[in-house]
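I opened the notebook to go through one structure, starting with charged pairs and then moving to the domains. The entries follow in the order I looked things up.

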Amino acid sequence: MKALVLVKPGGVENLQFAELPIPQPAENEVLIQTKAISINPVDTVVRGNEAFLNFVLQLQPGESPVILGWDVSGVVTATGAAVTRFKKGDEVFGMIRFTGHGKAYAEYVTAPEYQLALKPANSSHEEAAAATLAALTAWQALVTYAKIKKGDKVLIHSGAGGVGHYAIQIAKHFGATAITTSSPENKGFVLQLGAHQHIDYKTQRFEDVINDADIVLDSVSTPGHLDRSVAALKNGGRLISIVEFFTDEALLQKIREKNIFAHRLGVSSNGADMESIAELLLTGALHSHISQTFPFDQIPAAHQNIETGRTKGKIVIRL
Ligand SMILES: NC(=O)c1ccc[n+]([C@@H]2O[C@H](COP(=O)([O-])OP(=O)(O)OC[C@H]3O[C@@H](n4cnc5c(N)ncnc54)[C@H](OP(=O)(O)O)[C@@H]3O)[C@@H](O)[C@H]2O)c1
């Protein structure tokens, strides 16, 4: 099979195609023929940084070849002896082994069955592949940790990005009020996704606009951003960060004073959460906005594209 191997950490030129044997599924795994893959900022950070690569992929010394990618949609072509949920021919999607060595940049990939869900019939493989790491992050942030409920006022940063565009839709689905930041160019996009209010982060300080949010989903790593997100929360609010850690003592003091629940989320593979996302895709409550689709041999170009930090919705690879 054709796979895109990272020969060493660095630039996109280190992503090189190789002919490898088709992997064999372990007892609790299925073998998937990959139809679509999604690209995330983490793919590029892992590609370019050896320490982060080892941390995220949890590589054993000398482990080779290194194949990036976690987000797939495809068709089951074989099953391990202990697999009970899927059979040959099923169309499945999920985020495979995150954190860990996902190996999704390949024509075939194995995946533990408990990390997958059936692809909704009304979603293309591209739309399903998109709704994996980014959608799981939005789901785990708002539902698992922030315990979102009807009537909550939710501030979602970067509403036009991969995570943000799913978060707006999930907040709307739960009957919450979604307020979101984006550039003025993306105002129409985030409002059309279901945001109740748009804040242009280039001309407005969001904490001047809102100071009584129940939940803030923070995905911006500029200095002092978490402090400002704390200011945007009401007493007893919930702050979920997907970028920065809560280590600064002055920040922690503010969090204690406002009795805020603060959590730094690291998204993790979870088949039950994938099934919740599949259900939302099926009912139409959730939709993947795909701004660009690249062929398999142009993953390096897709990396360069997402590295601009300007992605609207998701970037997907079609095989
Ligand atoms: N901890 C975890 O488990 C986890 C999981 C997923 C993602 N992440 C991280 O979360 C971040 C977002 O991920 P993503 O997949 O959504 O990225 P993405 O799709 O690349 O996000 C791009 C979007 O960010 C917006 N943006 C850039 N700077 C902004 C700012 N200062 N304020 C508001 N919006 C801004 C841009 O909108 P405009 O063009 O309108 O500015 C663009 O639409 C990344 O750093 C990623 O690594 C962490």
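How many salt bridges does a search of the whole structure find? I ran the search and it finds 14 salt bridges. I note here that this is a predicted model. As background, side chains of opposite charge can pair when their charged atoms come close.

**Entry: Arg85 and Glu275**

I looked up Arg85 and found its side chain in a salt bridge with that of Glu275, at 2.5 Å from N to O. I then checked accessibility for both partners. Arg85 is partly exposed because its relative accessibility is 34%. Glu275 is also put down as partly exposed, since its value is 42%.

**Entry: Asp90 and Lys87**

Next I took the salt bridge between Asp90 and Lys87, where the closest N and O atoms are 3.0 Å apart. The cut-off for buried is under 20% relative accessible area, and for exposed it is over 50%. Lys87 has a relative accessible area of 54%, so I list Lys87 as exposed.

**Entry: Glu91 and Lys119**

I found a salt bridge between the side chains of Glu91 and Lys119, at 3.6 Å from N to O. This pair too links distant parts of the chain, 28 residues apart. Glu91 is in strand β5, while Lys119 is in the loop between β7 (116-118) and α3 (125-130). Glu91 is partly exposed, because its relative accessible area is 33%. Lys119 comes out as buried, because its relative accessible area is 11%.

I also noted a network: Lys149, Asp152 and Arg238 are joined by salt bridges that share partners.

**Entry: the two domains**

I turned to the domain division. Domain 1 covers 2-131 + 288-318, and domain 2 covers 134-264. I read the distance between their centres, taken over C-alpha atoms, as 28 Å. At the interface, 12 residues of domain 1 are in contact with 11 residues of domain 2.

How many salt bridges does the rule find across the interface of domain 1 and domain 2? I found zero salt bridges there. For polar contact, I counted seven residue pairs between domain 1 and domain 2, both residues at pLDDT 80 or more. On the side of domain 1 that touches domain 2, I sorted the residues by class: three nonpolar, five polar and four charged. The two domains bury about 830 Å² between them, and 55% of that is on carbon and sulfur atoms.

**Entry: Ser221**

Last, I looked up Ser221, which lies in the loop between β11 (213-218) and α8 (225-231). Ser221 counts as partly exposed because its relative accessibility is 47%. With what is Ser221 in contact, leaving aside its neighbours within four places in sequence? I found Val243 and Glu244. Glu244 is 23 residues from Ser221 along the chain, and I read 6.2 Å between the C-alpha atoms of the two.

How values were computed
Residues numbered from 1 in each chain as written. Predicted model: local features only at pLDDT ≥ 70, side-chain atom pairs only at ≥ 80, totals over all residues. Heavy atoms only, no water. Domains from an automatic or database assignment. Contact = heavy atoms within 4.5 Å. Buried area = accessible area lost by both parts, 1.4 Å probe. Salt bridge = Lys/Arg side-chain N within 4 Å of Asp/Glu carboxyl O. Polar contact = N/O pair within 3.5 Å; in protein donor to acceptor, adjacent residues only side chain to side chain. Nonpolar A, V, L, I, M, F, W, Y, C, P; charged D, E, K, R; others polar. Buried < 20%, exposed > 50% of the residue type's maximum accessible area, 1.4 Å probe, protein only. Helix = DSSP H or I, 4+ residues; strand = E, 2+ residues; numbered from the N terminus.
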